[in-house]
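Subject: Structure for your review

Dear colleague,

Please find below the structure that I am handing over to you.

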Amino acid sequence: MGIAFWDNFINALFFIFSGTLFVLYLITAVLSIMEVRKHLKKSRNFDYRTMLSFPKLPSVSIIAPAYNEEKTIIENTKCLLSLQYLDYEIIIVNDGSKDNTLSTIIEHFGLIKVEKAYELKIPCARIRGIYQSINPAYHNLMVVDKENGGKADALNSGINVSQKDLFLAIDVDCIIEPDAILKMVQPFIDDPTHKVIASGGVIRVANSCEVVSGNIVKVNYPKNFWAKFQVLEYFRAFTIGRMAWTKINGLLMISGAFGLFDREVAVKVGGYDKTTVGEDLELVVRMRKHMYETGVKHRVAFIPDPLCWTEVPESYKVLSRQRNRWTRGAIDTIKKHRNMFFNPKYGIIGMASFPYWVIYEWLTPIIELLGIVFLIVLLIFNLYSLKVIALVMLFVITFSFLFSTTAIFIEAYTYHKYRGIKYKFQAFLFVIFEMFIYQPSNLYFSLWGNYDYFFKKNKKGWGNMTRTGFAPKKTN
Amino acid sequence: MKTLRLYLEYWGTRLFYITVFFLICYGSYCYSVPEFSIGGHVFKSLLYHEHHNLATWLYYVEYFIFIFIILALLIFALTIYYGQDKRRKEKTHNRYINFYISYLLRFIFSKDELPEEEIKLKKKKLGKFIRNDYSRELVINTLQQIHHQTIGKMRSDTEELLHELKYDYLIRSYLHSPYYRHNRIALNTISEFKIHGYESYILRLARHGRNKLLHTDALVALIHLNPSGNLLLMIERKVNISMWEVNVIINNIEKDNIKEIPYAGLIHSENKGMILLGIILSRLHRKKELKSDIKNFIPYPNDNISEEAILAFGAFAEDESDFKYLGNAYNDATGRGKLSIISTITYSPDVEYAMHFLEWVAVNEPIKYKTEALKFLLTINMERVAKLKESEDPLVAMACKEVLDINL
């Protein structure tokens with residue numbers, strides 16, 4: 001077997017990989033457009049407030065782990081207190097903060113230590129005390145003070161204390177739309193054939209947005225260079241990617257910053273896994289695995305409405321840490337549940353979603369790197385003409401360009417949160433920049449995550465996320 | 001004619017997209033060959049460039065690069081257009097709505113004081129404003145809102161105005177339109193103004209409609225048109241209704257204070273949704289005579305029906321035997337059912353039985369039910385709660401502390 005054989009063989013491999021990826025992206029775009037259209041048709045003609053009269057509306061606990069959040073905790077708690085829902089409680093879990101998070105919240109909302117009965121169904125670090133307000137306006141606010149154990153541990157203690165049907169896991173610094181719970185709960189009461197075990201919603205970038213009393217009053221396109229790219233990335237990931245997987249009931253990812261779960265199922269599978277940094281992905285995979293093993297017809301729903309706003313990293317360093325962590329989390333989950341890979345026992349998850357995660361989420365950066373090396377080798381040894389390589393590269397770039405532009409269009413056509421011509425031109429410009437700056441950076445972060453996981457054995461490190469806080473509304 | 005136009009518009013746009021898609025695909029073929037034939041005629045490809053000297057598949061690649069760029073630019077242009085268009089539409093919509101609301105309200109309010117001539121003139125003027133379907137939809141919506149929120153003379157004036165404006169043809173064509181939005185407008189109008197004559201078509205929508213919201217609207221319209229007759233018809237035709245639809249129907253029945261309901265027919269139907277509707281309505285309208293029928297649904301395989309049966313039976317429970325029956329049903333009940341039983345048994349005439357039951361729940365059941373039972377036990381006998389506080393089971397003690405802490 002000579003060089004020609006290997007050249008052809010590797011060529012064929014890359015073509016199969018790129019070809020299937022290209023087809024998958026096309027299918028994804030079509031499926032997501034279908035699902036978004038279906039949802040819009042329904043939601044534009046449906047007044048969600050009518051749900052408030054529904055007697056069987058499930059009760060919800062909002063669990064928000066807080067670690068050193070003294071500066072933002074009051075505003076964010078106020079935002080949670082103003083949500084439109086009847087039977088809900090807010091559980092702020094102070095995960096052993098080193099600053100004054102606990103005293104700030106106690107003082108502001110007039111909380112007192114109470115006796116509260118709970119069962120430790122999921123192991124978690126010691127709970128030091130539970131606080132509730134004597135002010136009836138805050139009757140549904142509860143603060144759990146516990147020893148530090150990490151985000152997953154804090155969420156587990158929140159699940160233990162909660163006694164509601166569903167729990168909404170959120171990052172305390174997120175801004176939630178007032179009707180978010182109503183929209184997220186709807187799939188739970190709407191599907192007579194499947195048990196809905198979780199539902200997620202679209203997360204949008206809140207950097208540079210104007211916030212008053214924990215509510216977004218004006219949506220601005222971020223001023224920061226890195227945040228601008230992430231707006232586009234979030235459009236693609238949420239509007240196109242997740243909607244398409246929802247259409248075929250193959251969704252595996254509900255963001256840790258904003259996800260509603262069936263408490264009973266989550267408790268049955270043992271809650272969040274404290275040994276991984278990708279606890280959000282891992283929990284959904286475990287819950288779905290459990291449902292397949294017990295033979296229950298189930299579904300993970302996703303709402304394409306922008307329901308949650310979060311601050312994204314604004315510096316290259318913080319961004320690299322976040323993406324590194326996401327990569328490690330994905331690898332860890334894949335490794336833990338590797339028996340699902342092309343396993344027909346797990347239905348669409350085993351045969352499509354999980355293999356997709358393995359091949360196109362985990363391995364893509366590695367294959368991309370190998371592809372680049374291979375191309376260089378081909379050029380050096382003059383095995384392919386520069387024209388052919390340039391054409392193929394241009395094909396990939398223009399397709400990616402079209403894909404991102406479509407995501408911007410879907411946003412403008414559906415929810416139209418970002419307004420103004422200036423934003424549209426900027427976004428279009430950043431679609432072009434993205435291919436040459438942001439995507440190579442992301443490739444680098446993912447590769448670094450792989451290196452950290454396999455060679456440095458750094459599986460649990462979170463890294464710090466520096467937040468700049470939200471821009472206040474300008475006053476005259 | 002109007003319905004035909006709507007169908008042409010609906011299929012025309014779809015046909016246009018399909019044609020564009022096939023043209024793009026065919027274009028890729030034309031670009032990769034020097035000539036092609038259609039129906040025996042050979043055409044020279046204008047797109048083919050021989051000087052490229054590329055492998056055939058690369059022609060496709062080159063072609064699609066071109067198509068992607070064109071599409072991306074087109075989509076970008078559309079993004080800007082839609083953004084602007086949306087703003088414009090929002091403004092126009094608000095302007096129109098404000099105008100129609102104020103005009104119609106002023107007209108209906110002052111109708112009795114105006115001479116016949118002026119009323120005619122005003123109606124004519126209104127007709128002039130309403131030139132397109134969009135305006136008509138807004139007027140219909142406005143009239144619906146006024147009709148919904150008013151009573152007496154004003155309400156009947158609104159009905160009169162709707163008929164005088166001769167919207168019947170529009171409602172008929174909208175009901176048969178391929179657009180879901182139109183169907184909803186028609187159904188809501190029929191429902192609000194009780195326009196008869198469309199029942200059989202609406203019943204068809206309720207039986208076979210694939211769209212959930214449309215299905216719900218069709219059910220509501222049927223209930224509004226003829227509650228008793230249409231409910232019986234729905235039972236007979238085995239129309240499926242979901243839990244959500246049961247709730248919507250109940251809200252409408254309560255709002256309109258409808259009392260002619262075939263309670264027994266609903267409870268004894270084969271359809272789970274109908275049974276549920278029957279049980280809930282019997283409870284809300286205090287139909288005590290159906291107590292024994294409802295009792296049969298407590299041990300039922302459907303959770304919703306079982307829960308509602310517990311709630312209704314609990315509301316009608318009088319004798320000690322009723323409360324004991326509920327107590328015996330506790331173990332097989334769902335979570336909500338258990339909570340209903342706990343609260344109901346508290347009111348048992350046999351206080352000792354009630355206390356014994358609540359104590360049993362507090363000791364043996366999970367924490368959620370423990371605290372609930374203790375809360376009710378506290379209202380009957382505080383000493384028993386205080387005694388349980390000393391329990392060796394830390395969970396029982398903890399639950400007692402919580403209840404005492406909150407309530408005292």
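In chain A, A:I127 stands opposite A:K146, a residue of β5(A). Please bear in mind throughout that this is a predicted model.

The sheet in chain A

The facing residues belong to a pairing between strand β4 (residues 127–133) and strand β5 (residues 141–146) of chain A, which is antiparallel and runs over five bridges.

The nonpolar core

The largest nonpolar core has 201 residues, and those touching the most other members are A:I62, A:I63, A:L168, A:V284 and B:I279. Helix α6 (residues 225–247) of chain A gives the most to this core, namely ten residues. Leaving aside residues up to four places away in sequence, A:I63 touches several residues, among them A:I91, A:V93, A:L155, A:F167 and A:L168. In general, nonpolar side chains of soluble globular proteins tend to be buried together.

The contact between the chains

Chain A contributes 37 residues to the contact and chain B contributes 36 residues. On the side of chain A that touches chain B, α1 (3–44), α5 (180–190), α11 (386–414) and α12 (421–436) of chain A each supply at least two residues. The helix that gives the most to this side is α11(A), with 15 residues. The residues of this side comprise 21 nonpolar, seven polar and nine charged.

A helix in chain B

Helix α7 (residues 180–193) of chain B has 14 residues and reaches 20 Å from its first C-alpha to its last, close to the 20 Å expected at 1.5 Å a residue. Is α7(B) mostly covered or mostly uncovered? Mostly covered: ten of its 14 residues are buried, including B:H182, B:I185, B:L187 and B:F193. The buried residues of α7(B) pack against α4 (133–149), α5 (152–164), α6 (168–175) and α9 (212–225) of chain B. Just after α7(B), B:K194 takes a positive phi of about 50 degrees.

Yours sincerely

Definitions and conventions: Residues are numbered from 1 along each chain as its sequence is written. Chains are lettered from A and ligands numbered from 1 in the order in which they are written. This is a predicted model: local features need pLDDT of at least 70, side-chain atom pairs count only at pLDDT 80 or more; totals for chains, interfaces and linings use all residues. A nonpolar core is a set of buried Ala, Val, Leu, Ile, Met, Phe, Trp, Tyr and Cys residues joined through C-beta atoms within 7 Å. A residue is buried if 20 or more other C-beta atoms lie within 10 Å of its own, exposed if 12 or fewer, and partly exposed in between; C-beta atoms are placed from the backbone. Helices (H or I, at least four residues) and strands (E, at least two) are DSSP runs, numbered from the N terminus. Two residues are in contact if their C-beta atoms, placed from the backbone, lie within 7 Å. Ala, Val, Leu, Ile, Met, Phe, Trp, Tyr, Cys and Pro count as nonpolar, Asp, Glu, Lys and Arg as charged, and the others, Gly among them, as polar. The expected span of a helix is 1.5 Å times one less than its number of residues. Two strands pair if DSSP finds at least two bridges between them.
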